[in-house]
Amino acid sequence: MKKLLSLTLAVLFSASLAFSQGITIGVRGGLTLTSGNTTIPAQPADGRPEIKNEGDGQGAGFTAGAYARFKLAGFFLQGEINYSQFLLKQKTNTAFSAPVLPGVNASLVLDNKSETTLTAINIPILFGKSFAGGLVRAYLGPSFLFTSSAEQVSNGSLTTSLAGTVIDRTEINDAKTDLRNADDAGILEVKPLIIAIEVGAGVSLPFGLDVDLRYGVPAITGVYKDGDVGGFLGILSLSVGYRIAKLGL
């Protein structure tokens, strides 16, 4: 997959250089806001029920990198390489039952909040069109995220009751899970390469400044290796760029 991506990038940028009517090179940085939910399927062999994690607000991260924008007869192709961090905040309050004696079930309630931090080298390849003399841009394209780390930190409690009486309460305090490690993450192991779709718009301002607002979803590959894990993930980013150089026409 990485060799295929490298070959694709080489072909795209070689073609862009051949037909380009101008190249803009710059740097960019900004804020990422991540939201979403995750449904973990039941795992009967381990006695685990289905767990639905809901979104718990926007998680703030960052992105920083460089870009090259090739002007192509009113359209453009923009390639980037960014170092990005995404923070997903979730919560759950799941009630289920489990046998403690033959014919006797205990009631359990998992009340938990988690924060998942994912860092990645992000390589978007965006195709778009310029308007208003090049002042306004709209674009979309795939984004290749090579994940370098993914850690989940959980806080909450697991309460066990029998006939309405609490018999045990286990506190969950800063429990860390490495989601890139199969032994630690289990069904929630994150893929090393996540392919998303990004759509956005930008404005070119005086003094070499660009402002961009875009939204991305990992619609092509998903996030987790196990396809039974469901849910939704959306990433909104706001960035400011600086045009270092403009070459050609």
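Author: What follows takes confidence, strand pairing, pockets and cavities in turn.

Reader: How should I read the confidence of this model before I turn to details, and what is the average pLDDT of the chain?

Author: Where pLDDT is low, the predicted coordinates should not be read in detail. This is a predicted model, and its chain averages a pLDDT of 90, with 91% of the residues scoring at least 70. A stretch to treat with care is residues 15-19, over which pLDDT stays under 50 and for which the model has seven contacts beyond four places in sequence.

Reader: Which strands pair with β6, and in what sense do they run?

Author: β5 and β6 run antiparallel and are joined by 23 bridges, and within this pairing Thr116 stands opposite Gln152 in β6. β6 also pairs in the antiparallel sense with β8 over eleven bridges, where Val136 stands opposite Val203 in β8, and with β7, again antiparallel and over eleven bridges, where Leu162 stands opposite Thr165 in β7.

Reader: Which residues take a positive phi in the hairpins that β6 forms?

Author: In the hairpin of β5 and β6, with four residues between the strands, Ala132 has a positive phi near 55°. The hairpin of β6 and β7 has two residues between its strands, and there Ala163, in the turn, has a positive phi of about 55°.

Reader: Which element gives the most to the lining of the second largest pocket?

Author: The second largest pocket has a volume of about 450 Å³, and of the 26 residues that line it, Pro218, Gly222, Val223, Tyr224 and Leu233 are the closest to its centre. β10 gives the most to this lining, with five residues. The lining of the second largest pocket divides into 17 nonpolar, eight polar and one charged residue.

Reader: How many cavities of 30 Å³ or more are there, and what lines them?

Author: The count comes to two cavities of 30 Å³ or more. About 150 Å³ of space lies in the largest cavity, which is lined by 18 residues, with Phe86, Asn122, Glu198, Ile235 and Ser237 nearest its centre. β4 gives the most to this lining, with four residues, and by class the lining of the largest cavity has six nonpolar, eight polar and four charged residues.

Reader: And how does the lining of the second largest cavity divide by class?

Author: The second largest cavity, with about 50 Å³ of space, has a lining of two nonpolar, three polar and six charged residues. Among the residues that line the second largest cavity are Arg28, Arg69, Glu80, Asp210, Asp212 and Arg214, and β3 (59-72), β4, β9 and β10 each supply at least two residues of the lining.

Technical notes:
Residues are numbered from 1 along each chain as its sequence is written. This is a predicted model: local features need pLDDT of at least 70, side-chain atom pairs count only at pLDDT 80 or more; totals for chains, interfaces and linings use all residues. Side-chain values use heavy atoms; hydrogens and water are left out. On a 1 Å grid over the protein atoms alone, a cavity is a set of points where a 1.4 Å probe fits but cannot get out, and a pocket is an open set with protein on both sides within 12 Å along at least five of seven lines; lining residues have an atom within 4 Å of a point. Grid points are joined across faces, edges and corners, and a volume is the space filled by probe spheres set on the points. Ala, Val, Leu, Ile, Met, Phe, Trp, Tyr, Cys and Pro count as nonpolar, Asp, Glu, Lys and Arg as charged, and the others, Gly among them, as polar. pLDDT is the predictor's confidence in each residue, from 0 to 100. Contact means heavy atoms within 4.5 Å. Two strands pair if DSSP finds at least two bridges between them.
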